[in-house]
Amino acid sequence: MQIIFETPRLYLRRFTDADASLVFYLNSYQEVVEYVHEPVHTCVEFSRNILFEHILPQYALYNLGRLAVYVKENEEFIGWCGLKFRAELNEIDLGYRYIPSSWGKGFATEAAKHTLDYGFSKLQLSEIIGRAHVDNKASLSVLKKIGMTYLRNEVVDHCPVETYHSINPNV
Ligand SMILES: CC(C)(COP(=O)(O)OP(=O)(O)OC[C@H]1O[C@@H](n2cnc3c(N)ncnc32)[C@H](O)[C@@H]1OP(=O)(O)O)[C@@H](O)C(=O)NCCC(=O)NCCS
């Protein structure tokens, strides 16, 4: 298991090619995909394709990616958080999604804050973008709480979003 970093209550590890069932479990909740412009996963083969086509390649190509998030106390998998290089936009974005039973405990904020810190201090990134659907108040709240700065409203992937960013103070 390749743990990338820990926070006070969580650890984040890379997904492996054996994790299709985790991707399926997370994305089988309607509430999880409500604002992300993706379908609910109804078959594990679909999740496997997402894992192999969208999650795993980022590690090898860019040395970053979405990471599986676990609660240290009970080793529970609760979702993912991490960075993604979006070639079509030439930017690195911060993303996250969690199973509903874990919401409202500050886990998303804790993991996102440490992901920003990791991106700046370890990966030496110069800028990280964060976006959320204009109606996704919880996600917008996370972006604000971790100190990202509002840039603009725009339409990305056919969704109306608020776009935020953070600049690496040391690069
Ligand atoms: C967005 C998401 C990650 C937030 O997870 P979470 O565990 O609730 O996040 P946190 O507990 O760290 O913080 C959420 C904050 O949003 C606030 N919030 C939640 N729902 C809200 C709402 N409807 N209106 C306003 N604020 C809201 C909470 O009060 C909390 O702020 P606080 O700590 O100041 O009280 C979670 O809802 C999720 O996984 N959603 C599905 C996937 C998704 O939309 N991902 C983001 C795509 S951009």
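Tutor: Two residues are in contact if their C-beta atoms, placed from the backbone, lie within 7 Å. This is a predicted model, in which local features need pLDDT of at least 70, side-chain atom pairs count only at pLDDT 80 or more, and totals for chains, interfaces and linings use all residues. Residues are numbered from 1 along each chain as its sequence is written.

Student: With which residues is L83 in contact, leaving aside its neighbours within four places in sequence?

Tutor: L83 lies in strand β4, residues 76-86; strands (E, at least two residues) and helices (H or I, at least four) are DSSP runs, numbered from the N terminus. Beyond four places in sequence, the contacts of L83 are L64, G65, I92, L94, T115, G119 and I128.

Student: Is L83 buried or exposed?

Tutor: A residue is buried if 20 or more other C-beta atoms lie within 10 Å of its own, exposed if 12 or fewer, and partly exposed in between, with C-beta atoms placed from the backbone. L83 has 23 C-beta neighbours inside 10 Å, so it counts as buried.

Student: Within what arc do the buried residues of α4 fall?

Tutor: The buried residues of this helix are F107, A108, A111, A112, T115, L116 and G119. The arc is that of the directions from the helix axis to the C-beta atoms. Seen down the axis of α4, these residues line one face, because they fall within an arc of 160°.

Student: Against which elements do the buried residues of α5 pack?

Tutor: In α5, the buried residues are S139, L140, V142 and L143. They fall within an arc of 155° seen down the axis of α5, so they line one face of the helix. The elements against which they pack are α4, β6 (127-133) and β8 (159-167).

Student: Which element provides the largest share of the shell around the ligand?

Tutor: Of the 20 residues around the ligand, A108, T109, K137, A138 and S141 come nearest. The elements giving two or more residues to the shell are β5 (91-98), α4 (107-121) and α5 (137-145). The largest share, five residues, comes from α5.

Student: Which residues does V171 touch, not counting residues up to four places away in sequence?

Tutor: V171 is found in the segment after β8, and it is exposed, with 9 other C-beta atoms within 10 Å. Not counting residues up to four places away, V171 touches Q124 and S126.

Student: What is the phi of Q124?

Tutor: Q124 is placed in the loop between α4 and β6 and is exposed, with 10 other C-beta atoms within 10 Å. Although Q124 is not a glycine, its phi is positive, at about 60°.

Note on methods
A residue is near a molecule or strand if its C-beta atom, placed from the backbone, lies within 6 Å of it.
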